[in-house]
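I opened this entry to look up how two chains meet and what a few local features look like. My notes follow.

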Amino acid sequence: MPWESVLPSVLTRDAQLDASRAAVPPMDNDAFACFYERSSRSVWAYLARTSGDPALAEDLMQESYVRFLCATRKEEGEVAARRYLFRIASNLLRDHWRRPRTSSLDEISEDFFAAHGGSGQSDSQMMLGPAMKQMRPRDRQLLWLAYAEGYSHREIAEVTGLASASIRLMLFRARRKVARLLRDTESGRAL
Amino acid sequence: MKLGSCAREKEVKDLLERGHWPEACAPDLRLHVSGCRNCGDLVLVTETFRNARAAAAGAAKLGSPGLLWWRAQLRRRNAAVERIGRPLLSAQIFALATILLLTVGFVVSQARHGLGWLTWLEGLPEAGTLHLGNLWPTALFDPSWSPLVLVPAVATLVLLGGAVVYLVSEKQ
């Protein structure tokens, strides 16, 4: 007689669910190198544009990948892996912002974003830099994930840990605000 | 804030996602976007963020994936070693606590028996020939002691010995 038949179905159902969602085997060196090549630029761009600090972005990106490799994932596939990576990066960013230190984003001088959007940068970056500075960190994350990465509301909820229902409203407000700031910047440059 | 959604916003979003905006877009939709605030915001924000993403991705300074992979392996290994070492540490703490309790119990029991050690030490030079039996202080091991006391004491000593050996080997 199998041991599962002795247990109540409530208990065995959980065991079956766990078995069906078995952990994805860890990536080997070559598979990781390919995944890194395909995903690292997006992750770096996300971290750099939402934090406004390229050096910090580099550190957080490295830590994100190390944690990603150490973690036990449940979902297989490149899309799920990328989403998981963005989730780790978002958590690291949030931890960084919560930490009381002088390099906190709220304490960065107003010239910081402008300085990084100087000569040699594209028009979009020069426009986006000052606008992003005036956005809240969470709004920057939401906007980047939605409009640069093209994630759906459900995916953004998974990455940020926010409630899926509230993302629509938050994103709508953030988009309206950043669009106004972008138009202001554009009209300011035209003058 | 009220969500003033536009009926054509989804249409514009689909075109942007497929990269059909603005070239492969119907003129009436283009006219609509120029007059609709929601759709105008959507186009402006999407295009700006996508351009910024492309520019930022090009400027990324990427490290070696091999180095990151090895760092992760090292971290996993350390975590595994820590996981294995945790029960050993608990065993060490338990052994130490037990031996301390037994020592205290032993000292208290000796004190109650009037410190028989002293009489044994005094009588030692008068014992003449050195026999093993003479070296056992009779007051130390009371015949009334049950194995319930002796067995845990010996077991704890063995456990502590193991812990000491482990600590020494770990340091080496």
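I took contact to mean heavy atoms within 4.5 Å. On that basis I found 38 residues of chain B in contact with 43 residues of chain A. This is a predicted model, in which local features need pLDDT of at least 70 and side-chain atom pairs count only at pLDDT 80 or more, while totals for chains, interfaces and linings use all residues. Residues are numbered from 1 along each chain as its sequence is written, chains are lettered from A and ligands numbered from 1 in the order in which they are written, and side-chain values use heavy atoms, with hydrogens and water left out.

Entry on the interface. I looked up the buried area, which is the accessible area (1.4 Å probe) that two parts lose on being put together, summed over both. Chain B and chain A bury about 3900 Å² between them, and 65% of that is on carbon and sulfur atoms.

I then counted polar contacts (a pair of N or O atoms within 3.5 Å; within protein, one must be able to donate a hydrogen and the other to accept it, and residues adjacent in sequence count only if both atoms are side-chain atoms). Between chain B and chain A there are 13 residue pairs in polar contact, both residues at pLDDT 80 or more. On the side of chain B that touches chain A, α3 (37-58) and α4 (65-112) of chain B each supply at least two residues; helices here are DSSP runs (H or I, at least four residues), numbered from the N terminus. The largest share of that side, 18 residues, comes from α3(B).

Entry on salt bridges. I used a side-chain nitrogen of Lys or Arg within 4 Å of a carboxyl oxygen of Asp or Glu. Six salt bridges lie between chain B and chain A. In one, Arg175(A) pairs with Glu9(B), with the closest N and O atoms 3.2 Å apart. Over all chains the count is 16 salt bridges. Glu63(A) and Arg71(B) also form one, at 3.9 Å from N to O. This pair crosses from helix α3 of chain A to helix α4 of chain B.

Which peptide bond is cis, with omega near -5°? I found that it runs from Trp21(B) to Pro22(B). Pro22(B) is in the loop between α1 (9-18) and α2 (27-35) of chain B.
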